[in-house]
Amino acid sequence: MAEQPYKRPPITEAVIAIGFGAAMEPGDLNRADSSFAKLYPQHQDARNLNLEFIMPDRPNLAPGTKIRHDVPGHRRSSDDQTQIVIVWPTSFVFSQLAPYPGWDDFFGRFVRDWALWKKVVGYRSISRVGVRYINRIDIPITGNLTHYEEFLNIYPRLPEELGSIFAYAIQTQLPFPEIEGRITINSSSIPSPLLEHASFMFDQDLYKENNIPQNDDGLYNLLNQIHVKKNAVFEACITDRARELFNT
Amino acid sequence: MTGIIIQSRRSPIALRAGIAPELEPAFSSETKRLASQVDALFRHQRSPTSLEQELLPGKTISERLFDALASAKVLTASVAMHLDRARRDKLFQQLDSLHDLAEWEEGDEPLQQSSFGTFLKAMLTVHPQRQPGLGLSHAGHLIGAWTIDRDHLTIEFLPNDWVRWVLTRYKDNEPRRFAGQTPVSELTEGLAPHRPEHWFSYEGRQRQESPR
């Protein structure tokens with residue numbers, strides 16, 4: 001199978017996220033961050049805020065808010081902002097924005113960074129492995145209606161009587177039996193960043209949360225299995241007309 | 001076939017199931033729970049590594065320049081599949097140069113993301129062969145300039161998909177000046193009477209230079 005089947009892959013973001021069973025100490029977190037400084041010179045503090053909104057039981061009272069967790073982390077990126085790592089106390093997130101260089105490059109960078117991460121913080125029990133690919137399919141507009149059904153095989157089915165729609169969003173969860181994992185697919189119409197186009201998001205989150213391999217060979221094998229499945233799901237969810245768009 | 005109705009520029013549809021606060025007491029807790037679950041579905045669309053900048057008044061100019069540049073580069077990445085590498089690299093060099101801390105004038109605004117979004121839409125529609133020189137207005141709007149001899153075309157990319165343009169063309173050694181302000185979707189139409197290929201294409205320039 002050709003590694004890069006499309007001239008202009010519609011992938012806007014590819015992410016590998018490794019979750020850990022226990023949180024890192026702040027000292028380890030900072031050392032892990034520093035170890036990436038040469039590869040990813042741009043640094044920003046990252047915060048993962050979980051806000052709890054408390055709705056009052058009477059309409060004349062204002063809603064309250066409470067910060068439940070405020071987890072500090074580090075976000076590092078290349079100068080052009082397309083290659084990103086985020087170091088959180090309980091996860092290592094590795095990302096590539098468009099232009100997507102293909103799995104071989106992306107995975108090769110992950111292997112390099114994973115080795116560096118482990119060298120600095122040592123072995124951590126892995127509790128979750130996830131791969132997420134976000135695609136945006138930009139369809140040129142030729143009239144007042146865009147027939148997304150000609151480009152996508154995943155969309156909401158509506159009775160004919162309802163006619164055309166303004167927007168949609170769907171979410172589907174399905175099993176991923178080859179790895180005893182799951183796939184979450186989000187797809188929706190979204191505002192297009194281009195003029196004279198209608199855009200549709202296709203977002204796959206493939207993950208495994210139990211019996212995670214703990215050694216490198218097992219982890220890399222799992223990621224490659226996820227990659228193969230990701231491609232198969234994507235190809236099943238688009239049509240030849242969409243493929244033409246990625247090759248023009 | 002169902003099809004989706006293309007929205008006009010001014011009426012984007014926000015997908016949400018949330019219940020307006022004044023209607024909250026009218027709905028059961030089960031309905032509210034369902035509505036919040038549907039809203040969570042739409043929130044899930046956010047990218048896992050998205051860069052959401054904090055608008056803190058205490059940020060230093062260096063931090064603000066970094067934020068503006070990073071946001072512009074991330075926005076460029078979102079359309080990178082429609083840009084060739086050389087064009088993207090040149091654009092980033094121009095943006096880096098515009099946000100050079102050593103040259104920064106106090107009181108100026110860094111590039112506004114909304115202005116840059118308008119710029120990208122214009123460039124990906126017009127596809128000029130000749131790339132513009134770039135500048136920034138005091139308000140942080142990107143300005144693109146094309147010059148051929150004494151003829152100038154300057155476009156200010158305003159927030160929310162508007163553009164303001166000014167051009168000067170010489171005829172019989174006398175300048176002719178024109179200006180307009182339109183939605184970016186009407187930029188091509190607005191410039192059409194003034195033969196914009198004169199600035200945008202190498203061929204346009206060659207035609208201009210060739211003897212008649």
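Tutor: The open sheet of chain B has 5 strands in the order S2-S3-S4-S5-S6, and the pairing is antiparallel. Keep in mind that this is a predicted model. Two strands form the edges: S2, residues 133–136, and S6, residues 174–183, of chain B. Each of these edge strands pairs on one side only. From one strand to the next, the twist averages 15 degrees.

In general, strands of a sheet pair through backbone hydrogen bonds, either parallel or antiparallel.

H4(B) touches S3, S4 and S5 of chain B, where S5 covers residues 162–171. The direction of H4(B) makes about 130 degrees with that of S4(B).

Strand S4(B) also stands out for confidence. Within chain B, confidence is highest in S4, residues 151–158, at a mean of 97. Confidence is lowest in helix H7(B), residues 202–209, at a mean of 62. For chain B as a whole the mean pLDDT is 85, and 81% of its residues reach 70 or more.

Two loops next to the sheet strands deserve a look. B:His127 lies in the loop between H4 and S2 of chain B. B:His127 is not a glycine, yet its phi is positive, about 45 degrees. It counts as exposed, because it has 12 C-beta neighbours inside 10 Å. B:Asp161 sits in the loop between S4 and S5 of chain B. Its phi is also positive, about 70 degrees, and it is not a glycine either. B:Asp161 has 20 C-beta neighbours inside 10 Å, so it counts as buried.

Now place the sheet in its chain. Chain B holds 7 helices and 6 strands. Along the sequence they follow the pattern β-α-α-α-α-β-β-β-β-β-α-α-α. Buried residues make up 24% of the 212 residues of chain B. Take the contacts in chain B with a separation of 6 or more: 53% of them join residues 24 or more positions apart.

Helix H4(B) leads on to the other chain. In all, 37 residues of chain B are in contact with 47 residues of chain A. On the chain B side, the elements that give two or more residues are S1 (4–5), H1 (29–43), H2 (61–77) and H4 (113–126). H4(B) gives the largest share, 5 residues. So what is the make-up of this side, in nonpolar, polar and charged residues? There are 21 nonpolar, 12 polar and 4 charged residues. The predictor gives the complex an ipTM of 0.84 and a pTM of 0.86.

Strand pairing also crosses between the chains. S1(B) pairs with strand S7 of chain A, residues 145–146, in the antiparallel sense over 2 bridges. There, B:Ile5 in S1(B) is the bridge partner of A:Leu145.

Chain A has antiparallel pairing of its own. S1(A), residues 11–20, pairs with S6(A), residues 126–140, in the antiparallel sense. That pairing runs over 9 bridges. A:Ile18 has A:Val129 in S6(A) as its bridge partner. S1(A) also runs antiparallel to S5(A), residues 91–97, with 7 bridges. In S5(A), A:Ser95 stands opposite A:Val15. S1(A) is largely enclosed by the rest of the structure, because 8 of its 10 residues are buried.

The loop between S5 and H2 of chain A contains A:Pro99. The peptide bond from A:Ala98 to A:Pro99 is cis, with omega near 5 degrees.

Helix H2(A), residues 103–121, packs with H1(A), residues 26–35: their axes come within 9 Å and cross at roughly 140 degrees. The crossing is right-handed. H1(A) contributes A:Asp28, A:Arg31, A:Ala32 and A:Ser35 to the contact. H2(A) contributes A:Leu116, A:Trp117, A:Val120 and A:Val121. These residues divide into 5 nonpolar, 1 polar and 2 charged.

Technical notes
Residues numbered from 1 in each chain as written. Chains lettered and ligands numbered in written order. Predicted model: local features only at pLDDT ≥ 70, side-chain atom pairs only at ≥ 80, totals over all residues. pLDDT = per-residue confidence, 0-100. Helix = DSSP H or I, 4+ residues; strand = E, 2+ residues; numbered from the N terminus. Contact = placed C-beta atoms within 7 Å. Nonpolar A, V, L, I, M, F, W, Y, C, P; charged D, E, K, R; others polar. Pairing = 2+ DSSP bridges. Axes fitted to C-alpha atoms, helices over the stretch in contact; angles between N-to-C directions. Left-handed = near helix turned anticlockwise from the far one by under 90°.
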